[in-house]
Amino acid sequence: MRITVIGSGIVGAGAAYHLTLRGAEVTVVDGGRAGEATAAGAGIVCPWVDHEDDDAWYRLALEGARHYAVLPESVGHAGVGALLVAEDPAELEPVRALLAARYAEAPEMGEVREVGRPTELFPPLDPKLSALLVPGAARVDGRVVRDGLLRSAVRRGATVHEGAASLTGNGEVTVSGGARLEADAVIVAAGAWTGQVCGPLGVDLPVFPRRGQIVHATLEGADSSAWPIVLPRRGPYLLGFPGGRVVVGATVEEVGFDPRITVAGLNEVVAAGLAVAPGLAGATLTETRVGLRPVMATGRPLIARVSDRVVAVTGLGAYGLTAGPFAGLLAAGLALGEKPALDLAPFAV
């Protein structure tokens with residue numbers, strides 16, 4: 001089959017990778033929009049602590065985390081664990097109970113335990129914080145994952161076409177400049193722009209952008225490569241990466257398609273980060289990133305056929321790097337007419 005994938009973020013790259021594994025002829029098209037979410041994602045893979053009241057969402061995130069085990073080894077995944085922290089240890093009891101209830105089905109989370117001195121694992125933290133360690137959590141570099149999946153797809157014959165793509169009413173793909181791409185099926189994985197791309201099909205997809213601003217800081221001389229993810233019960237997350245790099249984020253802003261980094265946004269992230277990790281006060285501010293995360297008004301992602309020829313996949317929000325490659329696999333299966341590896345009824349239009 002000839003399949004065109006619109007969008008080269010982590011979901012589109014995952015779809016292209018899995019399509020080429022199945023022998024499809026794949027063309028990936030991306031217009032390089034400002035604010036694409038993959039490049040700005042922090043990289044947290046810890047599905048067991050969220051979606052307590054939505055089993056379908058949890059199942060998608062859980063299988064997304066597991067899916068990393070079958071991706072190429074160089075995909076940018078590192079098992080570093082996660083620290084759940086709070087000022088009052090009583091605040092950790094609900095999540096401790098949730099993890100205990102989910103452990104039998106998901107033992108890969110590891111045996112959760114209290115950490116008496118969390119600063120021994122993440123030195124910049126406030127030493128007064130209480131903490132639980134979830135050993136099975138991992139971090140990923142979204143850019144590395146995306147690029148690795150695309151390279152693997154290209155090695156198997158996929159082509160990448162730069163330019164803004166649009167659909168006609170019958171599902172044909174037109175690229176900026178007027179060229180049309182012949183395809184038997186189309187996967188639209190255009191993030192927050194998926195609704196706009198699918199508009200000509202006559203379907204109303206309630207997907208909207210949620211802006212997230214994050215900060216990258218560097219602690220000179222620190223060996224942060226094995227630091228765990230820090231997940232406060234309230235406030236910002238923190239991740240350590242090699243080279244003393246620490247990521248702090250993110251804002252949650254309903255501002256439309258506005259990919260700007262703002263003074264107020266950075267102030268919010270920095271102030272909240274220092275409240276959790278005062279040891280970052282002397283770090284060098286090295287980079288700021290912003291992403292427009294795609295969110296569905298239904299509260300769940302969309303992974304569904306929206307016309308005879310077109311499959312749409314979007315709405316992963318803050319869990320794009322957790323479930324993106326797996327969502328790409330599910331979309332690839334729909335485009336090829338395969339039986340889904342997961343019940344997709346909860347993620348229909």
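Which order do the strands of the open sheet of 3 strands have? In this predicted model, in which local features need pLDDT of at least 70, side-chain atom pairs count only at pLDDT 80 or more, and totals for chains, interfaces and linings use all residues, the order is E3-E8-E4, with antiparallel pairing. Residues are numbered from 1 along each chain as its sequence is written, and side-chain values use heavy atoms, with hydrogens and water left out.

Strands (E, at least two residues) and helices (H or I, at least four) are DSSP runs numbered from the N terminus, and two strands pair if DSSP finds at least two bridges between them. Strand E3 (44–45) and strand E4 (77–79) stand at the edges of the sheet, each with a single partner strand, so one side of each has no neighbour there. Strand E4 is joined by 3 bridges to strand E8 (residues 138–140), and the two run antiparallel; within this pairing, Ala78 stands opposite Arg139 in E8.

A search of the whole structure finds 3 aromatic pairs, where rings of Phe, Tyr and Trp (its six-membered ring) pair if their centres lie within 6.5 Å, and planes under 30 degrees apart count as stacked, over 60 as edge-to-face and the rest as tilted. The rings of Phe122 and Trp227 are 4.9 Å apart between centres with their planes at 50°, so this pair is tilted. Trp193 and Phe257 form another tilted pair, at 5.5 Å centre to centre and 40° between the planes. Trp193 counts as buried at 10% relative accessibility, whereas Phe257, at 38%, counts as partly exposed.

Apart from residues up to four places away in sequence, Leu19 touches Ile3, Val5, Ala24, Val26, Ile187, Ala332 and Leu336, contact meaning heavy atoms within 4.5 Å.

Note on methods. Buried means under 20% relative accessible area, exposed over 50%, partly exposed in between (1.4 Å probe, protein chains only).
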